[in-house]
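Trainee: I would like to go through the labels used for this model and ask what stands behind each one. Please set each value against its definition.

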Amino acid sequence: MKSALQLTGVGKSIGGVEINRDVHLALEPGERRALIGPNGAGKTTLFNIAAGLMRPSKGRVLLGGADVTRLSPNRRSRRGLARTFQITNLFASMTVAENLALAVQSNSGRRFDFVRPWSSAGRVWRAVDDLVDRGGLGAVRNEVVGTLPYGRQRRLEVIVAAARPCSVILLDEPGAGLTTEETEELMTLVCGLDSELAVMFIDHDVDLALRLATRVTVLNLGAVAADGTPEQIRASRVLDDIYLGRSHDARDR
């Protein structure tokens, strides 16, 4: 079986400073992988490389076995990769349903039709109804996004990202601004979207990440310091070594 997402020998240098060094990582279908490490470990840069927002200085990115190293974020999205950010990326003045309708319409590849308004298309709204049900957003379907609690906005952002059928979803600090309970609820939602969906997420709450993940990759100084199951990572000394004061450069960009 081909890996859902694979990084092979990935390195990134900016202004002569190495942000990532020889990173090898294979994310399998159905896997829930946590990417953890101290501030400056290179986690966000690696996510940006995987998503196509940055191009690696070295190495390759493969999606479903196909080399996508030189493809744009939009082209990677069309091949099944979805990405959320630390801050919600929604239209705050529009309703939940309208945000979802825009996501469905943009993902269809069709241009807006000003003669036959896109908002009247039955196909779009049937898809919106399905996404509302999957995301448990029925109670706020017609609410303006900017008036929603932050936890609801994060939930909507995940559903918007999954509006196109995807095989990989990258979550950059899904718990940012949320309580532990809200983060666990959000991750349960993501993992329930599709049993074959490969999920990789960054979270600074190490205990929570170890509890939610099926596999964990630890980054430090831009390189992989450890990789294994949560039990293996807990049993190793790598977290103590990293988090109890070993110096590291500021590398997250």
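Trainee: Which residue stands opposite Ile-36 in S9?

Mentor: Val-218 in S9 stands opposite Ile-36. The model is predicted, so local features need pLDDT of at least 70 and side-chain atom pairs count only at pLDDT 80 or more, while totals for chains, interfaces and linings use all residues. Residues are numbered from 1 along each chain as its sequence is written, and side-chain values use heavy atoms, with hydrogens and water left out.

Trainee: How do you know that S3 and S9 pair?

Mentor: Two strands count as paired if DSSP finds at least two bridges between them. S3 and S9 have four bridges, in the parallel sense, so by the definition they pair. The strands themselves are DSSP runs of E with at least two residues, helices are runs of H or I with at least four, and both are numbered from the N terminus.

Trainee: What is the bridge partner of Val-218 in S10?

Mentor: Ala-226 is the partner there. S9 and S10 run antiparallel and are joined by five bridges. They form a hairpin with two residues between them, and Leu-221 in the turn has a positive phi of about 55°.

Trainee: Why is strand S9 called largely enclosed?

Mentor: Buried means under 20% relative accessible area, exposed means over 50%, and partly exposed lies in between, with a 1.4 Å probe and protein chains only. Five of the six residues of S9 (residues 215-220) are buried, so the strand is largely enclosed by the rest of the structure.

Trainee: What makes S6 and S10 edge strands?

Mentor: Six strands form an open sheet of mixed pairing, in the order S6-S7-S8-S3-S9-S10. S6 and S10 (223-228) each pair on one side only, which puts them at the edges. The twist averages 15° from one strand to the next.

Trainee: How are S6 and S7 joined?

Mentor: Four bridges join S6 to S7 (residues 168-172), and the two strands run parallel. Leu-81 stands opposite Val-168 in S7. Helix H5 (residues 150-161) packs on the sheet and touches S6 and S7. The direction of H5 makes about 160° with that of S6; axes are lines fitted to C-alpha atoms, for helices over the stretch in contact, and angles run from 0 to 180 degrees between N-to-C directions.

Trainee: What makes the pair Arg-33 and Glu-31 a salt bridge?

Mentor: The rule asks for a side-chain nitrogen of Lys or Arg within 4 Å of a carboxyl oxygen of Asp or Glu. For Arg-33 and Glu-31 the N to O distance is 2.8 Å, so the pair meets the rule. By this rule the count comes to 10 salt bridges.

Trainee: Are those two residues buried or exposed?

Mentor: Arg-33 is buried because its relative accessibility is 2%, and Glu-31 is buried because its relative accessible area is 11%.

Trainee: How do you know that Asp-129 and Arg-141 form a salt bridge?

Mentor: Their side chains meet at 2.7 Å, N to O. The pair links distant parts of the chain: Asp-129 is in helix H4 (residues 122-135) and Arg-141 in the loop between H4 and H5, 12 residues apart. Asp-129, at 35% relative accessibility, counts as partly exposed, as does Arg-141 at 22%. Elsewhere, salt bridges that share partners join Glu-31, Arg-33, Arg-215 and Asp-227 into one network.

Trainee: Why is Ala-92 called partly exposed?

Mentor: The relative accessible area of Ala-92 is 45%, so the residue is partly exposed. Ala-92 lies in the loop between S6 (81-84) and helix H3 (96-108). Leaving aside neighbours within four places in sequence, Ala-92 is in contact (heavy atoms within 4.5 Å) with Val-144, Val-145 and Gly-146.
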